[in-house]
Amino acid sequence: MIGLEIERLSFRLWKESDFEILANYFSRPEYAKYLGGVRSPEESWRVLCTYIGNYHLKGYSYLALEEKKSNKFIGSIGIWNSDPWPEPELGYWLLPENTGSGFITEAGIKVLEFAKQKLHLGSLVSYIDPTNAPSIKVALRLGAHYEKNIELLDFGVHCIYRYTK
């Protein structure tokens with residue numbers, strides 16, 4: 001997944017210099033509520049290291065997403081499937097100033113293509129908090145369909161949106 005590119009975006013592994021942005025994002029309840037909740041700087045550091053480590057163990061993870069034009073970090077997208085996770089998930093989020101840009105839809109198309117062609121995954125899901133309307137809209141734009149609600153580990157009730165194409 002590292003090195004994937006599309007017209008406006010590039011996908012890359014997280015860097016230590018991303019920590020401040022990530023820690024700030026996870027410190028804000030209005031953003032972090034859909035990603036497991038507010039985290040301390042130490043917990044954010046561990047999230048950053050987990051994303052990097054998962055990539056080295058599995059060959060995929062949530063990656064940093066960068067706008068090519070500005071070389072600025074804009075958010076994250078990727079595939080997650082730790083051992084306790086029910087099945088491979090397409091996950092995504094953007095810094096607030098980048099919402100409404102179409103970036104996640106463009107990046108999501110590329111990740112879905114990668115998952116099918118390179119990882120040979122039959123399907124992916126997105127686990128979405130039922131109150132997260134923007135993420136639900138993205139999943140639907142990417143061709144997902146609502147399947148059911150589940151209790152997602154210790155994250156509470158989440159809707160399963162399945163990508164089958």
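**Reading backbone, fold and core**

Me: H120 lies in the loop that joins α4 to β5. What is the phi of H120?

Reply: This is a predicted model, and the angle is read from its coordinates. As a general idea, most residues other than glycine have a negative phi. In this structure, H120 has a positive phi near 55° although it is not a glycine.

Me: Is H120 buried or exposed?

Reply: Exposure is judged by relative accessible area, with values over 50% counting as exposed. H120 has 64% relative accessibility and therefore counts as exposed.

Me: Which loop holds N71, and what is the phi of N71?

Reply: N71 belongs to the loop between β2 and β3. Its phi is positive, about 60°, and N71 is not a glycine. N71 has a relative accessible area of 55%, so it is exposed.

Me: How many helices and strands does the protein have?

Reply: The protein contains five helices and seven strands. Their order along the sequence is β-α-α-α-β-β-β-α-β-α-β-β.

Me: What share of the residues counts as buried, and which residues of the largest nonpolar core touch the most other members?

Reply: In soluble globular proteins, nonpolar side chains tend to be buried together. Here, 49% of the 165 residues count as buried. The largest nonpolar core has 33 residues, and M1, F11, L65, I77, L90, Y92 and Y163 touch the most other members. Elements that each supply at least two residues of this core include β1 (9–12), β3 (72–80), α5 (133–141) and β7 (157–163). The largest share, seven residues, comes from α4. Another core, of 20 residues, lies apart from this one and includes Y25, F26, A32 and L48.

Me: Which residues is M1 in contact with, beyond its neighbours within four places in sequence?

Reply: The partners of M1 include F11, Y55, Y60, L63, I79, V111 and F114.

Me: How many positive and negative side chains are there?

Reply: The protein carries 19 positive and 20 negative side chains, and the centres of the two sets are 6 Å apart.

Definitions and conventions
Residues numbered from 1 in each chain as written. Predicted model: local features only at pLDDT ≥ 70, side-chain atom pairs only at ≥ 80, totals over all residues. Heavy atoms only, no water. Helix = DSSP H or I, 4+ residues; strand = E, 2+ residues; numbered from the N terminus. Buried < 20%, exposed > 50% of the residue type's maximum accessible area, 1.4 Å probe, protein only. Lys, Arg positive; Asp, Glu negative; His and termini not counted. Charge placed at Lys NZ, Arg CZ, Asp CG, Glu CD. Core = buried A, V, L, I, M, F, W, Y, C linked by side-chain atoms within 4.5 Å. Contact = heavy atoms within 4.5 Å.
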